[in-house]
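I set out to look up strand order, backbone exceptions and aromatic contacts in one model, and I keep my entries here.

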Amino acid sequence: MWTALPVLTGETVVHRPEFLRLPKSPALCPYSGLSRSKLNELILPCAANDFRPPVKSISLRKRGQAKAVRLVVYDSLMTYLRSFLTEGGTE
């Protein structure tokens with residue numbers, strides 16, 4: 001389940017989520033077009049991001065639960081992607 005905030009664009013209302021759930025492989029994220037592995041690279045500390053993830057995420061897990069649900073913060077992901085528009089598109 002995700003929370004959506006309506007965004008007015010002209011006469012249509014677009015629902016913008018607050019959080020995104022990681023897509024199942026091999027599907028792509030419907031908002032960014034990124035794969036699950038690329039999103040994981042952006043949200044989890046790893047060598048590819050010098051162990052400092054550029055995109056915020058949260059992990060939901062109840063006490064005693066073996067697996068968690070990881071949610072990507074939509075605004076953080078979009079801010080990261082838009083930063084490439086001003087930097088010339090290189091990583």
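My entries follow in the order in which I looked things up.

**Basis.** I am working from a predicted model, in which local features need pLDDT of at least 70 and side-chain atom pairs count only at pLDDT 80 or more, while totals for chains, interfaces and linings use all residues. I number residues from 1 along each chain as its sequence is written, and side-chain values use heavy atoms, with hydrogens and water left out.

**Sheet.** I took helices (H or I, at least four residues) and strands (E, at least two) as DSSP runs numbered from the N terminus, and I counted two strands as paired if DSSP finds at least two bridges between them. I found an open sheet of three strands in the order 3-5-4, with antiparallel pairing. Strand 3 (19-21) and strand 4 (57-60) each have a single partner strand and stand at the edges, so one side of each is left without a neighbour in the sheet. Strand 4 pairs with strand 5 (residues 69-73) over four bridges in the antiparallel sense, and I noted S57 opposite V72 of strand 5.

**Helix 1.** Which residues of helix 1 are buried? I recorded L39, L42 and I43 in helix 1 (residues 36-43), where buried means under 20% relative accessible area, exposed over 50% and partly exposed in between (1.4 Å probe, protein chains only).

**Backbone.** I kept in mind that most residues other than glycine have a negative phi, and that most peptide bonds are trans. The bond joining S25 and P26 is a cis peptide bond with omega about 10°, and P26 lies in the loop between strand 3 and helix 1. In the loop between helix 1 and strand 4 I found D50, whose phi is positive, near 55°, and which is exposed with a relative accessible area of 56%. F51 lies in the loop between helix 1 and strand 4 and has a positive phi of about 60°.

**Aromatic pairs.** I paired rings of Phe, Tyr and Trp (its six-membered ring) if their centres lie within 6.5 Å, with planes under 30 degrees apart counted as stacked, over 60 as edge-to-face and the rest as tilted. This gave me two aromatic pairs. Y31 lies in the loop between strand 3 and helix 1 and Y74 in helix 2 (residues 74-87), so the pair ties together parts 43 residues apart in sequence. I noted Y31 as partly exposed at 38% relative accessible area, whereas Y74 is buried at 11%.
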